[in-house]
Amino acid sequence: NFINKVSKGDFLLVGHNFGCGSSREHAPIALSKTGIKAILSPSFARIFYRNSIDGGYLLPIEIEENILEKIDDKDEIEINLDTNTILNVTKKESYPIKPFSKIISDIIEAGGLFNYKIT
């Protein structure tokens, strides 16, 4: 019944090492097909992280662990990759996110690795 509770543009707030044991791109594909656009976690399994970005499926956003406790289920958030912040619209609070490296930012902007052109 998980899919019936997810709306387009929703995010997941999860614990450490999210995506562990997921060596194929099917995990981020399945999550993105439900409408999820971002996953917020203190850490990700590296292969899940790269599959998410390389396929252009969803954004793995790394946050400090204490932020997990500040965001509630029904909070509306906005993720700003230009300022590396999350705005909690509901609580009128702002939280930092770990910035993406230049190459990862470029791949995200291109919509995935297949669309990325080396310049």
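This is a predicted model: local features need pLDDT of at least 70, side-chain atom pairs count only at pLDDT 80 or more; totals for chains, interfaces and linings use all residues.
I started with Arg 46, which is partly exposed at 46% relative accessibility (partly exposed sits between buried, under 20% relative accessible area, and exposed, over 50%, with a 1.4 Å probe and protein chains only). Glu 62, by contrast, is buried, with a relative accessible area of 10%.

Numbering runs from 1 along each chain as its sequence is written, and side-chain values use heavy atoms, with hydrogens and water left out.

**Confidence**

I checked pLDDT next (the predictor's confidence in each residue, from 0 to 100). The protein has a mean of 92, and 97% of its residues reach 70 or more.

**Salt bridges**

How many salt bridges does a search of the whole structure find? I got six, taking a salt bridge as a side-chain nitrogen of Lys or Arg within 4 Å of a carboxyl oxygen of Asp or Glu.

Back to my opening pair: Arg 46 and Glu 62 form one of these, at 3.0 Å from N to O. Arg 46 belongs to helix α2 (residues 46–54) and Glu 62 to strand β3 (residues 59–62), so this pair joins distant parts of the chain, 16 residues apart.

Glu 62 also takes a salt bridge from Lys 98, at 3.3 Å, N to O. Lys 98 is in the loop between β6 (93–96) and α4 (102–110) while Glu 62 is in strand β3, so parts 36 residues apart in sequence are tied together. I noted Arg 46, Glu 62 and Lys 98 down as a salt-bridge network.

Then I looked at Asp 72 and Lys 91, whose side chains meet at 2.6 Å, N to O, in a salt bridge. Asp 72 is in the loop between α3 (65–68) and β4 (77–80) and Lys 91 in the loop between β5 (85–88) and β6, so this pair ties together parts 19 residues apart in sequence. Asp 72 is partly exposed at 41% relative accessible area, and Lys 91 is partly exposed too, at 30%.

I counted two strands as paired if DSSP finds at least two bridges between them. β1 and β2 run parallel, joined by three bridges, and Leu 13 stands opposite Leu 40 in β2. β2 and β3 also run parallel, with four bridges; there, Leu 40 has Ile 61 of β3 as its bridge partner.

Is strand β2 (residues 38–41) covered on one face or both? I found both covered: Ala 38 and Leu 40 on one side, Ile 39 and Ser 41 on the other, all buried.

**The antiparallel sheet**

Last, I traced an open sheet of three strands, ordered β4-β5-β6 with antiparallel pairing. Its edge strands, β4 and β6, each pair on one side only. β4 and β5 share four bridges, and Ile 77 has Asn 88 in β5 as its bridge partner.

Key
Helices (H or I, at least four residues) and strands (E, at least two) are DSSP runs, numbered from the N terminus.
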